[in-house]
Amino acid sequence: MITKIAENIYCVGAVDWNVRNFHGYTYTTARGTTYNAYLIIDEKIALVDTVLPSFTEMLLNNIREIIDPSKIDYLIANHAEVDHAGAIPAVLEIAKNAKLVCSPRGKSSIGRLYGEHFNFMTVKTGDELKLGKKTLAFVEAPMLHWPDSMFTYVKEDKLLLSNDAFGQHIASSERFDDEYDPCITMDEAAKYYANILLPLSDFVIKKLEEVTKMGIEIKMIAPSHGIIWRKEPGKIINAYAKWASGEALPGILPEVLIVYESMWGNTEKSARAILDGLTMGGVRANLYGLPQNDRTEVIKDLMSAKGLIVGSSTHNEDILLNLAAFLDDVKGLKPIKKIASSFGTYGWSPVQAKNSLNAKLKTTGMEIVESDLFFKWSPDAAELQKCVEFGKSFAAKIK
Ligand code: FEO
């Protein structure tokens, strides 16, 4: 499907309606995704980014509806990851004289991933490429989210082709933010930020400051996944600034997450009692049992929360595996400005789960609130009351 997004600029990528996992199963994509590629027609013709290799024919057929792909003069590769660069060899097999434009680090990544035989033209921040009436300006964006990442800015249209940044995994027939549910778009953008960009927030803050200093006026942001920000590009820029600084967007989001894994429901009893205490203490809190809940979604909610309380049954002198994997994920994503605590149950190994949970929480960098909520077999009435009281005191800390 082709969509004209500006005068002589077309979205010619592909919609992947059925993909449900991304990045090697580390990210769930319940709404599918798109691989947006942009064709710019001028005296010289440029294609900005490509698609996942399995969608190559779709990309080429979309291009053929506008021009003969052999006439492409420049293939701009903003990023070397396979979902955007995977069709480079096929496109350049047809557009034999095209130059492959990328950052110096892009040349290195593309060389390793797809071959070193292309007609490379490396660009850095501030470089421009005149196509005719339109001018492309390049802004390197290292670690947003790979070292090679780059933005391409079409000066005359004030259009930022931002690649992964500002994207969302949404498959849809609609291309623009004013055509699609704004809550879903922002929710998927938050999930994308939390699961991909969160540990790179310092780079995001610096890049936003740099782009502001450069005085680049942005009328539209066209990312390489999902919906194009045409109505309110400032909305997603402001959201990135907030997420990068550890702040939540205004809205009704949980302030505390209780994430637990319970073998026979006894740890869950404590989880529910802590939840009661948090609610009595006046904070919004949600329970997330694992593995029933989608880890990618829990991470999204964690980004906007102020507190995390984790609980596990004891198993083989340690915590249960799904919770362990969740905490390893959190460690890598480095959420900031959060406090955390723990709870659990045991049969005959009284300290192992507690020690393991607290050791893992320590690696996340969160401020730890010590608790005494590890109970033998199953919490009794007095112990459940202790959980309630703990919930209230945790709520007071959050407030
Ligand atoms: Fe970093 Fe959408 O690829």
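Which residues of helix 10 are buried? Keep that in mind while we get oriented.

**Before you click.** This is a predicted model, in which local features need pLDDT of at least 70 and side-chain atom pairs count only at pLDDT 80 or more, while totals for chains, interfaces and linings use all residues. Residues are numbered from 1 along each chain as its sequence is written, and side-chain values use heavy atoms, with hydrogens and water left out.

**Whole protein.** Show the C-alpha atoms: they fill a box of roughly 80 × 40 × 35 Å along the principal axes. You will find 12 helices and 23 strands (DSSP runs numbered from the N terminus: H or I of at least four residues, E of at least two). Of the 399 residues, 57% are buried, meaning under 20% relative accessible area, with exposed over 50% and partly exposed in between (1.4 Å probe, protein chains only).

**Helix 10.** Now select residues 321-333. This helix of 13 residues reaches 19 Å from its first C-alpha to its last, close to the expected 18 Å (1.5 Å times one less than the number of residues). Its buried residues are Leu-323, Ala-324, Phe-326, Leu-327, Val-330 and Leu-333. Just after the helix, look for Lys-334, which takes a positive phi of about 50°.

**The largest core.** Phe-326 is also among the residues with the most contacts inside the largest nonpolar core, which has 89 residues. Such a core is a set of buried Ala, Val, Leu, Ile, Met, Phe, Trp, Tyr and Cys residues joined through side-chain atoms within 4.5 Å. Helix 5 (residues 182-197) gives the largest share, eight residues. Colour domain 1 (3-245) and domain 2 (256-398), with bounds from an automatic or database domain assignment: both contribute to this core, so it lies between them. Apart from it is another core, of 24 residues, among them Ala-46, Leu-131, Met-150 and Ile-228.

**Strands 17 and 18.** Select 256-261 and 285-289: these strands run parallel, joined by five bridges (pairing needs at least two DSSP bridges). Val-256 has Ala-285 as its bridge partner. Follow the chain from strand 17 through helix 8 (residues 266-280) to strand 18, a right-handed β-α-β crossover: clockwise from the first strand over the helix to the second, with the strands pointing away from you.

**Last stop, Ser-304.** This residue is in helix 9 and counts as buried because its relative accessibility is 14%. Beyond neighbours within four places in sequence, Ser-304 contacts Ala-248, Leu-253 and Pro-254 (heavy atoms within 4.5 Å).
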